[in-house]
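Subject: Structure handover

Hello,

Here is the structure for your pocket and ligand work. My notes follow below it.

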Amino acid sequence: MLLTLIRRYSKPYLPQILAVIVFQLASTIATLYLPSLNAKIIDEGVSVGDTDYIWRTGALMLAVAFGQVITAVAGVYFGSRVAMSMGRDLRRDVFRKVSSFSAKDVNSFGAPTLITRGTNDVQQVQMLMLMGLNFMVSTPIMCVGGIIMALQEDLSLSWLVWVSVPVLVAVVGYLVVRLMPLFRSMQKKIDAINGVLREQIIGIRVVRAFVREPYEVKRFGAANKELTDVSVKIGNLFVLMFPAIGMILHLSTAAVLWFGGERVDSGDMEVGALTAFLQYLLQILIAVMMGTFMAMMIPRASVCADRIGEVLDVEPSIHDPQAPVTPVEKKGRVEFRDVTFKYPGAEEPVLSNISFSAEPGQTLAIIGSTGSGKTTLVSLLPRLYDVASGDVLLDGVPVTELDRDEITSRVATVPQKPYLFSGTIEHNLRFGKTHATDEELWDALETAQARDFVEEKSAGLDRRIAQGGTNVSGGQRQRLCIARALVSQPKVYLFDDSFSALDVATDARLRRALKDKTKDATVIIVAQRVSTIADADQILVLDNGRIVDRGTHEELLETSPTYQEIVESQLSAEEVA
Ligand code: ADP
């Protein structure tokens with residue numbers, strides 16, 4: 001997968017990559033050329049006192065060094081740009097893919113891992129591409145070129161190369177092999193810390209309420225200690241790594257000077273050749289070291305690439321039809337025909353044989369105990385899930401044959417868990433209709449009984465909303481979500497238990513105001529409180545995924561035992577209160 005990803009994402013940047021290769025080639029050749037020039041100055045200039053030669057070769061050396069710097073900088077500059085661009089493209093594609101996922105696809109991965117895959121995993125692959133582009137070309141050339149050049153300077157010292165390189169590979173390789181599993185385990189420990197922290201932050205109220213802090217502190221402490229242990233082990237190996245590399249480099253230097261010195265003494269080798277040989281050996285060793293470091297990154301990046309590939313390869317289970325149908329009329333008529341639905345992996349259907357229709361201008365209410373399938377039912381219309389059998393129709397056309405825009409422009413959902421995005425109130429309200437006037441926004445707020453608390457603060461519509469809407473109360477969040485739906489002026493309103501966080505009086509006022517605003521639209525209300533739905537045109541009583549009774553409030557009071565039960569339970573609760 002790693003190769004496939006690299007191949008796919010490098011394609012648009014081939015010219016730049018070619019430039020990087022050329023620059024690196026030039027800079028590597030210049031680097032390899034410098035020590036031999038140095039040797040020439042010493043052996044053919046200094047030793048015979050030829051000042052002219054020294055000046056000429058010195059000037060050449062300066063030019064080569066200058067060229068080396070320029071090409072190296074250019075290579076790193078373009079290499080980094082390309083690597084970062086490839087990472088950006090990859091991240092963008094992961095994001096787009098995840099955005100196209102249906103609720104089912106997201107569930108099958110889980111949100112946290114999708115986040116890690118889109119950020120950390122992409123980062124790892126990006127790092128490898130960065131290292132690859134910066135060192136892939138220069139490292140092997142430096143190794144091979146360095147060896148050739150070193151041998152040219154002096155053949156009889158070549159055994160020093162054949163000894164020091166394998167020793168370095170062995171030492172660095174051994175440490176890398178020991179480090180790899182530790183790195184992998186460190187990722188897992190970081191995941192564990194994130195998990196505990198995330199749960200604690202989200203559940204902070206419950207933790208406080210049940211005085212679970214000591215337990216949670218212990219749990220975090222354990223996860224923290226595990227991470228520390230692994231980090232310390234990694235640290236211990238790193239402590240060895242640099243002195244070991246340093247020792248090999250210094251021992252090699254000493255050996256070259258020792259054995260080379262003898263040869264210089266006996267007149268078999270010149271001083272310049274000796275310094276050049278030494279520089280080549282160091283260049284080779286550094287290149288080998290970089291190569292080993294890079295090799296170390298490959299397995300980790302490869303795991304990450306696989307994880308990214310899994311996301312990119314998903315064919316979204318819900319996609320737009322090939323040939324979308326445009327309905328003749330766009331009034332917002334909703335019809336369910338014998339709908340059965342099962343969650344992926346579940347054995348029993350959550351909804352069975354659901355049939356009903358809701359007309360524009362009417363209010364349809366759905367009531368039933370927790371877990372009876374109400375939320376599931378309303379999520380079928382905006383195609384969060386597709387039905388197993390039967391049909392969900394909007395204006396007479398099955399939703400599976402409609403373009404998704406066609407659905408979202410006409411259906412507005414106020415979800416059970418009201419969610420607001422970070423930004424201002426205004427920004428949130430304009431979600432369904434970007435060009436709504438301020439008047440429309442205030443009007444929607446007024447209907448949603450949210451005008452007062454928006455006006456209360458001087459910032460008004462510009463008041464900041466935190467991610468998820470956590471800086472306003474639950475009831476305020478619900479009302480803002482209702483206002484957001486109102487602004488988009490849809491043909492169909494889906495209120496999924498959207499009045500539960502409101503007190504009875506506000507609930508009543510809101511529904512009265514809504515009635516007027518939604519008189520041409522189809523309104524579907526999921527509710528817990530009987531009082532919320534008593535004046536609906538039609539009430540469906542849901543039990544265990546089936547419609548057990550239907551009718552108006554009065555009719556159901558007469559005929560439906562389940563409905564009577566619900567009414568009685570709430571009456572007694574209110575009486576008690
Ligand atoms: P209600 O809104 O009436 O409380 P839901 O529609 O939320 O009921 O849930 C109906 C049933 O479907 C429940 O038994 C629940 O366990 C199951 N269910 C809900 N969401 C999922 C899901 N994402 N995956 C699997 N089962 C689910």
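**The largest cavity**

F336, F356, I366, L377, V378, L381, L494 and I524 line the largest cavity. On a 1 Å grid over the protein atoms alone, a cavity is a set of points where a 1.4 Å probe fits but cannot get out, and lining residues have an atom within 4 Å of a point. The space in the largest cavity is about 30 Å³, where a volume is the space filled by probe spheres set on the points, joined across faces, edges and corners. The count is one cavity of 30 Å³ or more. Its lining has eight nonpolar, no polar and no charged residues. Here Ala, Val, Leu, Ile, Met, Phe, Trp, Tyr, Cys and Pro are nonpolar, Asp, Glu, Lys and Arg are charged, and the others, Gly among them, are polar.

**Ground rules**

This is a predicted model: local features need pLDDT of at least 70, side-chain atom pairs count only at pLDDT 80 or more, and totals for chains, interfaces and linings use all residues. Residues are numbered from 1 along each chain as its sequence is written, and side-chain values use heavy atoms, with hydrogens and water left out.

The chain has domain 1 (2-313) and domain 2 (345-576), with bounds from an automatic or database domain assignment. Their centres, taken over C-alpha atoms, are 56 Å apart.

The largest pocket holds about 2,200 Å³ of space. A pocket is an open set of points with protein on both sides within 12 Å along at least five of seven lines. It has 45 lining residues, and A103, L384, P415, Y419 and F421 are the closest to its centre. Each domain gives at least three residues to the lining. By class, the lining has 24 nonpolar, 14 polar and seven charged residues.

**The ligand**

Which residues are around the ligand? They are N107, Y343, V350, S369, T370, G371, S372, G373, K374, T375, T376 and Y385, each with a heavy atom within 4 Å of the ligand. By class, this shell has three nonpolar, eight polar and one charged residues.

Now the polar contacts (pairs of N or O atoms within 3.5 Å). The side chain of N107 has an N or O atom 3.4 Å from a ligand nitrogen. A backbone N or O atom of G373 is 3.0 Å from a ligand oxygen. For K374, a polar backbone atom is 2.9 Å from an oxygen atom of the ligand. Alone, the ligand exposes 560 Å², and the protein buries 60% of that; areas use the Shrake-Rupley method with a 1.4 Å probe.

Best wishes

Conventions: A polar contact is a pair of N or O atoms within 3.5 Å; within protein, one must be able to donate a hydrogen and the other to accept it, and residues adjacent in sequence count only if both atoms are side-chain atoms.
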